[in-house]
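Please read these notes with the model open beside them. They are written for someone who has not looked at this structure before.

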Amino acid sequence: MIEALDIADVKLIAPKIFRDARGFFSETYNRRTLADAGLDVAFVQDNHSLSRDAGTVRGLHFQKPPHAQGKLVRVVAGAILDVAVDIRAGSPTFGWHIAIELSADNWQQLYVPAGFAHGFCTLKPDTEVVYKTTAYYDAASDAAIQWDDPAIGIDWPVARDVAVLSDKDRAAPPLAEIPDYFTFEGAQ
């Protein structure tokens with residue numbers, strides 16, 4: 001099942017999972033199934049992160065064009081509040097965000113297209129997140145916006161003074177201070 005959210009270009013994906021006495025089986029990615037649902041994207045890289053502590057925040061990250069990335073995010077252990085922020089200049093949803101709980105238990109995935117900043121906060125210790133990207137990592141294109149920018153208004157499950165953050169994420173500028181790297185061009 002693929003569901004459009006309040007920002008239509010961001011999709012919630014619920015792969016089928018078959019459970020029995022041995023455990024489970026799930027087809028977590030099928031390009032044809034996504035293309036049939038209107039997500040005809042090619043992924044080129046897989047990433048896997050482990051966050052030891054609950055309350056770890058990673059984000060809000062994006063890559064600037066021409067190395068902008070779409071991401072297909074899922075959790076294989078633990079749980080996160082996963083967030084996508086529309087940073088496309090001229091978009092009717094510019095500055096809006098989607099926040100969805102993804103977990104190993106609910107087995108849902110979030111597709112975050114290029115033109116969105118992405119981040120998450122771990123809800124459980126030892127959380128592992130796996131995500132596919134539509135472009136290779138490019139250090140010179142790596143960028144971030146302030147994870148708790150009041151203008152965006154994300155209801156994070158952790159306070160600023162106890163969040164576990166990288167130095168880069170702690171120093172990221174608010175959305176109002178970044179250039180218009182992306183322009184809204186209609187549906188993705």
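1. Trp107 counts as buried, at 11% relative accessibility; buried means under 20% relative accessible area, exposed over 50%, and partly exposed in between, with a 1.4 Å probe and protein chains only. Trp107 sits in the loop between strand S10 (97-103) and strand S11 (109-112). Its phi is positive, about 60°, although Trp107 is not a glycine.

2. Some background on the model and its numbering. This is a predicted model, in which local features need pLDDT of at least 70 and side-chain atom pairs count only at pLDDT 80 or more, while totals for chains, interfaces and linings use all residues. Residues are numbered from 1 along each chain as its sequence is written, and side-chain values use heavy atoms, with hydrogens and water left out. Strands (E, at least two residues) and helices (H or I, at least four) are DSSP runs, numbered from the N terminus.

3. Asp126 also has a positive phi, near 55°, and is a residue other than glycine. Asp126 belongs to the loop between strand S12 (116-122) and strand S13 (127-133). At 39% relative accessibility, Asp126 is partly exposed.

4. Strand S8 (residues 79-86) is mostly covered, with eight of its eight residues buried. Ala79, Leu81, Val83 and Val85 point one way from S8, and Ile80, Asp82, Ala84 and Asp86 point the other way. Note that Asp82 and Asp86 are among the buried residues.

5. Which strands does S8 pair with? S8 runs antiparallel to S10, and seven bridges join them; two strands pair if DSSP finds at least two bridges between them.

6. Two cis peptide bonds deserve a look. One runs from Gly59 to Leu60, with omega near 10°, and Leu60 is part of strand S6 (residues 57-63). Another runs from Pro65 to Pro66, also with omega near 10°. Pro66 is in the loop between S6 and strand S7 (71-77).

7. Ala144 lies in strand S14 (residues 142-144) and is buried, with a relative accessible area of 10%. Beyond its neighbours within four places in sequence, Ala144 is in contact (heavy atoms within 4.5 Å) with residues including Leu60, His61, Phe62, Lys168 and Ile178. Ala144 and Gln63 are 81 residues apart in sequence but 8.2 Å apart in space, C-alpha to C-alpha.
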